[in-house]
Amino acid sequence: MVRDELGRRVGIVRVVRYLKNPRTGRREQRGSVFRDKVDFIKDVRRHHFANAQLRSEVQLKNGKSVACPEAWRSPINDHPSV
Amino acid sequence: MYIDGFNFYYAAFAEGEFGDFKWLDLCRFCDDLPPRLDIVAVRYFTARVKPLPSDPDNYRRQDAYLRAVSTCARLSVHLGQFTRHTAPARLSEPAGNLSSLAKVRMHRTEEKGSDVDLASFMLLDGFKDLYDVAVVVSDDSDLHEPLCGWYATSSAGGSGSSVSFAT
């Protein structure tokens with residue numbers, strides 16, 4: 001509807017997932033349900049996640065702060081560039 | 001940008017390989033995605049989770065995350081409903097003393113409304129001429145119709161004529 005009725009471009013961003021092909025035993029990229037139906041499909045990869053991490057402590061508008069939950073902490077959150 | 005929160009979470013973090021990157025800055029993530037577009041708004045569709053016996057702190061982590069990502073002025077959080085109930089289901093294979101035809105009660109968690117909300121906002125924003133390009137972060141086939149049009153999957157196929165309504 002967005003494409004055909006409103007005439008807008010539509011893109012899909014999806015996380016690449018791999019499935020094991022039972023015939024070949026190889027890991028193969030799963031196809032998108034939107035293939036050939038949208039204007040573009042972009043796969044996100046590790047560096048997209050790694051380059052877009054919040055600071056381990058985020059300042060809120062009310063002056064308080066919120067910290068990354070301990071269970072979610074990874075070395076990258078403590079990296080000085082984040 | 002329209003982010004189907006649960007679809008994204010499961011694909012990337014729960015079942016995917018990016019579990020180390022849950023503390024994700026959604027605005028920055030969207031800005032950096034190809035093709036480089038001028039991202040005017042990010043709509044994030046999710047639902048408040050409920051504590052699990054096996055994970056009583058899950059809602060605290062989610063609450064912290066929602067507060068953190070909401071610091072981005074371009075991002076709005078749209079909350080659907082998260083339900084949990086038990087429902088009967090047949091075993092797919094024998095287990096213990098139970099045959100494969102045995103019925104057991106299973107915990108089922110469901111997130112309601114996010115896909116409908118996402119599709120509704122995408123259409124509404126389009127009608128209001130708020131974007132040139134809609135980018136959806138999801139690979140959920142439930143969104144096929146609102147994105148691609150009903151006749152994209154009809155037996156006629158292709159981009160046939162649209163329906164006109166008598167007024």
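Mentor: Start with one pair of residues: Val10(A) has Ala134(B) as its bridge partner in strand 5 of chain B. Keep in mind that this is a predicted model.

Trainee: How do strand 1 of chain A and strand 5 of chain B pair, in the parallel or the antiparallel sense?

Mentor: In the parallel sense, over 5 bridges. On the chain A side, the strand covers residues 9-15.

Trainee: And how many residues of chain B are in contact with chain A?

Mentor: There are 41 in chain B, in contact with 41 residues of chain A. Elements giving two or more residues to the chain B side include helix 1 (5-14), helix 3 (58-69), helix 4 (114-127) and strand 5 (133-137).

Trainee: What's that side made of, by class?

Mentor: The side of chain B that touches chain A has 23 nonpolar, 8 polar and 10 charged residues.

Trainee: New topic. Which residues touch the most other members of the largest nonpolar core?

Mentor: That core has 47 residues, and Ala134(B) is among those with the most contacts to other members, as are Tyr2(B), Leu24(B) and Val136(B). Strand 1 of chain A and strand 5 of chain B each supply at least two residues of the core.

Trainee: Which element gives the largest share?

Mentor: Helix 1 of chain B, with 5 residues. From chain A, domain 1 (1-44) and domain 2 (54-82) each give at least three.

Trainee: You mentioned Leu24(B). What is Leu24(B) in contact with, leaving aside its neighbours within four places in sequence?

Mentor: Phe49(A), Ala52(A), Gln53(A) and Leu54(A) in chain A, and Phe29(B) in chain B.

Note on methods: Residues numbered from 1 in each chain as written. Chains lettered and ligands numbered in written order. Predicted model: local features only at pLDDT ≥ 70, side-chain atom pairs only at ≥ 80, totals over all residues. Contact = placed C-beta atoms within 7 Å. Helix = DSSP H or I, 4+ residues; strand = E, 2+ residues; numbered from the N terminus. Nonpolar A, V, L, I, M, F, W, Y, C, P; charged D, E, K, R; others polar. Pairing = 2+ DSSP bridges. Core = buried A, V, L, I, M, F, W, Y, C linked by C-beta atoms within 7 Å. Buried ≥ 20, exposed ≤ 12 C-beta atoms within 10 Å, placed from the backbone. Domains from an automatic or database assignment.
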